[in-house]
Amino acid sequence: MRFYNSITNFSKSDKSGLICINNRACGNNTITNIADTRLDDLYSLEPKYGLEVISNEEVGFFILLDLEEQSQVNINSSKDLGWWGLDKNYRLAVKSSSPSLNISTNFVGFVVDDDNIEKADILLDKKSMLCSKSQVLVYVSVEHLNSSSNIYTEYKNSKDLYLDINLYRSDGYDSEEIVDSSRFNINVLDFSLEDDDDYFYMDLWQHPSSWARQADLEYYSNEHFELIEKYLWGMKRLGQKVIDLIVSDFPWAGQMCFAVDKNPSRLYEYNIIDVTKEDGNYKFDYTKLDRYIDLCMKLGIDKEINIFGILGNWHGYDFGSPIQGYPDPIRIRYYDIDRGVYDYIRDKDTLSDYISNLFDHLNELGLIDITYVIGDEPGNIDKFNLYSSFLESSTHHPIKYKYALHSTEFIENYDKDLESFSINVFNLASYCKNGQITGKIGENSHKMTWYSCCFPQTFNIFIKSPLIESMLTGFYTYIWNMKGMLRWAYGLYVEDPISNIRYKPNKWPAGDMLYVYPNKDKSPLSSLREKNTLYGVQDFNIFKKLEGKIPNLYDRIRNDFGIKINISKKSCDTNLADSPINGDIVLDDYPDYNKYRSIRNSYIKEYIEKV
């Protein structure tokens, strides 16, 4: 067995079929001290070493098994046989010394990247696997749960906390024999992340119609809501704060999926509000919308509501719009009871009534104060002033706006509040001077988030992206003095998102559309990118919890990690150097992972000594 840390990138070699560790580059900088470093070198199996964690923090690492022949591999208590019978049967057992250690062990699945190389990303929901003559990759997640009233006693006896990792082999009817074993001692620092230490403002866009379509469920049926809860729970784990309400049909026209005839996929989202017309009167049924809100609130996703589909929709020219006399392509389908047919709202006045009724309903629920109407990537401020004027004329309730920004011109000309606005990291580079965010964004960064999408190529969550970039999400959010991150797709699925996740690769690199994969039981499967983002979010929450308790913490974090913490736009051979669509950034050197963890924990130990 060999062990590697969570930010190690693995791929498969076409020639040998072996899993190999993949060196990645960022700008002109190549990752070092990670690719060829074994976890048992970083974390000695001596009692004084091991995994050093805090309570309620999840950490993870890889186990690489070297097999000399085709074998059946089982995890923990699984006892499946290979098709050939009783020989060459292995079992990997990961056991903890205490119920306070929550352990998950998963085989790692591979997906085909845009370069046609298979790369590790999926945490598979299977406990047994037939493995050809190669190597087998397993991922172990460890979390120390602070649920015991005697927790501080356990801290003092943390030398007794450990993981035993044993690899057994059996042939025929012989008893199993241990062929390899290791022990990881778990050192739990006297510090914990509690429910209230949820500082990171995660804003992952939700695509519930896509989830239902992948699972072949009726939209917003009881079964669909059960599935939605599973996805929302995963988002909450990452710090999700925002409820997305899609209140028109196919906003953004399914990301222009109608123009793709090779490997086509349906990416349309549908209105959560049921609209009917009878005797010339429109009726709006908010039952499903209310249920969605209640579900989010129950899970603790309750800081903000975003209204999607009534501001700044796309593809009004090529996909069209039923609305007459209004340029924003808002599409609202209704069922005409008298005629027994579906139709679309076509006149501006009826659209205005629809908007008015929606805001009256949100006001009745007491949610107006946390509601924002969201527009995506605005460019022409006059156009969006026109849209906002129409919305404001449709209701007497105050409307707050929110934009995902990728136009510096729009930013500079927008003179209203930037609360919860998000800026693409490519444009953020325009405001970065010596590692500090300056200018208008610098003045407002503490109430904003940043995002990446199909660009830039660097500091993203693509399959090709170094996993350390996901792990550094929290670190960079903190030093940029921003409150969190936005991501346009948590799980937007093409027709077969596991066997072929590549879709419009000239625009969307593999992985851009999803953080999670659909499982056979329809629940989401985590990715290595999602796991490392979680670890970064935890770091952000730790830094925030220590603020005011450690002198000059912010300045020390900026100086101690050995990163220049600067971003700049990457020069191009074309005239597109300042274009977000094809733009890229240079991110300064990655920190040494071992050093990073050691420095982070040194702040915690300093706090512990004081209290």
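W480 counts as buried, with a relative accessibility of 1% (buried is under 20% relative accessible area, exposed over 50%, partly exposed in between, with a 1.4 Å probe and protein chains only). The model is predicted: local features need pLDDT of at least 70 and side-chain atom pairs pLDDT 80 or more, while totals for chains, interfaces and linings use all residues. Numbering runs from 1 along each chain as its sequence is written, and side-chain values use heavy atoms, without hydrogens and water.

Reader: How many aromatic pairs does the structure hold?

Author: Rings of Phe, Tyr and Trp (its six-membered ring) pair if their centres lie within 6.5 Å; planes under 30 degrees apart are stacked, over 60 edge-to-face, the rest tilted. The number of such pairs in the structure is 53.

Reader: What is the angle between the planes of Y326 and F390?

Author: Y326 and F390 form a tilted pair, with centres 4.4 Å apart. The angle between their planes is 40°.

Reader: Which helix holds F390, and how many residues is it from Y326?

Author: Y326 lies in the loop between β20 (304–308) and β21 (333–336), and the pair links distant parts of the chain. Helices (H or I, at least four residues) and strands (E, at least two) are DSSP runs, numbered from the N terminus. F390 belongs to helix α8 (residues 381–393), and the separation is 64 residues.

Reader: Are Y326 and F390 buried or exposed?

Author: The relative accessibility of Y326 is 6%, so Y326 counts as buried. For F390 the value is 8%, so F390 too counts as buried.

Reader: What is the distance between the ring centres of Y476 and W480?

Author: Y476 has 0% relative accessibility and therefore counts as buried. Its pair with W480 is tilted, with 45° between the planes. Centre to centre, the distance is 5.2 Å.

Reader: Which ring does the charged end of K12 sit over, and which that of R333?

Author: A charge sits over a ring if NZ of Lys or CZ of Arg is within 6 Å of the ring centre and within 35 degrees of the ring normal. At 4.7 Å from the ring centre, the charged end of K12 sits over F110. At 5.9 Å from the ring centre, the charged end of R333 sits over Y342.
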